[in-house]
Amino acid sequence: GDDTYQRILNVLESNDRIPYVSQFGKNEQGEPVLFNFWKDSTNPKGLWRKTTLASYQTESPEWTTVLDVDALAETDGIGWVWKGS
């Protein structure tokens, strides 16, 4: 019922999730660059973001936003949806 729905929603919106990444190339220092599409309660449409492999392997990776779909939708007045990279 409602309890199960809320428990599942809490898991899906948790910031404790492990971000799934894909590697696309290397940066200027030759480090692998990893990309992730992240959705949470603050960013329901999602963020496309990137980090290095070294940063990803830490407890608190430093992410750089490549595209904020929520901000783009607000700016354009269009309900953009992420379809992948």
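This is a predicted model: local features need pLDDT of at least 70, side-chain atom pairs count only at pLDDT 80 or more; totals for chains, interfaces and linings use all residues.
**Entry 1: helix 3**

I looked up helix 3, which covers residues 69–76, and asked which of its residues are buried. They are V69, D70 and A73. I then looked down the axis of helix 3 and found that its buried residues fall within an arc of 105°, so they line one face of the helix. I recalled the rule behind this pattern: an α-helix has 3.6 residues a turn, so residues three or four places apart point the same way.

Next I asked what the buried residues of helix 3 pack against. I found strand 2, residues 32–38, and strand 4, residues 64–68.

**Entry 2: the ends of helix 3**

I checked the N-terminal end of helix 3 and found that D68 caps it. A side-chain oxygen of D68 lies 3.1 Å from the backbone nitrogen of D70. D70 is also one of the buried residues of the helix. After helix 3 comes G77, and I noted that its phi is positive, near 70°.

**Entry 3: D40**

I moved to D40, which sits in the loop between strand 2 and strand 3, the latter being residues 47–52. Is D40 buried or exposed? Its relative accessible area is 13%, and the cut-off for buried is under 20%, so D40 counts as buried.

I then listed the polar partners of its side chain. The side chains of D40 and W38 are joined by a polar contact of 3.0 Å. A polar atom of the D40 side chain also lies 2.7 Å from the backbone nitrogen of N43. Leaving out residues up to four places away in sequence, I found that D40 touches E13, N15 and R17.

Terms used
Residues are numbered from 1 along each chain as its sequence is written. Side-chain values use heavy atoms; hydrogens and water are left out. Buried means under 20% relative accessible area, exposed over 50%, partly exposed in between (1.4 Å probe, protein chains only). Helices (H or I, at least four residues) and strands (E, at least two) are DSSP runs, numbered from the N terminus. The arc is that of the directions from the helix axis to the C-beta atoms. Contact means heavy atoms within 4.5 Å. A polar contact is a pair of N or O atoms within 3.5 Å; within protein, one must be able to donate a hydrogen and the other to accept it, and residues adjacent in sequence count only if both atoms are side-chain atoms.
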